[in-house]
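Welcome, and please open the structure in your viewer. We will take the tour one selection at a time.

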Amino acid sequence: MLLEKMGSEAVELGLSGEVSVNGVEENTLIASLCDLLEKIWSHGMQNKQGKSALWNHLQSYLEIQECTNTSKPIDNNYLTPDLSTMAIEPEAPPSPTRGRSKSRDRKSLGPEQLRPLPESLEVDIKNILAMTDVKTHIGYARAFVRLSLEKKLLSRHLRALLADTALLRSLYKRSAFLRCEEEKEQFLYHLLTLNAVDYFCFTNTYPTT
């Protein structure tokens, strides 16, 4: 995938002769990657649940994270303050110059001042679950792979997923590929190389999302 994609980007920069990959071929490569991930996640499972082993693992991870988050004590800093105990100062009448300066400030906001997209695995799983045009577990897993690939987070997300060793042991036998440390690290490293190029596989596949 990396070599094919780099070949097409080299053409766009005028560094080589012919386009080596088009949109259809790129989709085929990504579909093959999704199939490979499913095979890896299906190897050595304790009990097969659902049509997608990868999505089953992601859902289990999300459930554990949500249970962990709900068991945390509430931070008082996030509670709504009691307005009756607060001294509220009267507001000064607005001046015409102040209004104009605020409007200028709003107009001067640039992309660097916008809030960055969240990069949490938990948030991305929830975003995939909220999609209305995906109906199957296989579809959810493929959408997750495409989103992570486009955000250059596929290797990081899968590393975070596999870092929960207790969940990993409950889902997979000791002989499973995902529980072999050396092979798993090599696999994640190879996925990390895909960050070298830009993919728009999620945006192009789900334009209304």
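On this tour, buried means under 20% relative accessible area, exposed over 50%, and partly exposed in between, using a 1.4 Å probe and protein chains only. This is a predicted model, where local features need pLDDT of at least 70, side-chain atom pairs count only at pLDDT 80 or more, and totals for chains, interfaces and linings use all residues. Residues are numbered from 1 along each chain as its sequence is written, and side-chain values use heavy atoms, with hydrogens and water left out.

Start with a cartoon view: the protein has ten helices and zero strands (DSSP runs, H or I of at least four residues for helices, E of at least two for strands, numbered from the N terminus). Of its 209 residues, 33% are buried.

Next, select Trp55 and Tyr140. Their rings form a stacked aromatic pair, 5.1 Å centre to centre with 20° between the planes. Rings of Phe, Tyr and Trp (its six-membered ring) pair if their centres lie within 6.5 Å; planes under 30 degrees apart are stacked, over 60 edge-to-face, and the rest tilted. Trp55 belongs to helix α3 and Tyr140 to helix α6, so the pair ties together parts 85 residues apart in sequence. Tyr140 is buried at 13% relative accessible area, and Trp55 is buried at 0%.

Now move to Phe202 and Tyr206, a tilted pair with centres 5.1 Å apart and planes at 45°. Phe202 is buried at 10%, as is Tyr206 at 12%.

Finally, select Trp41, Phe177 and Phe187, which ring pairs link into a cluster.
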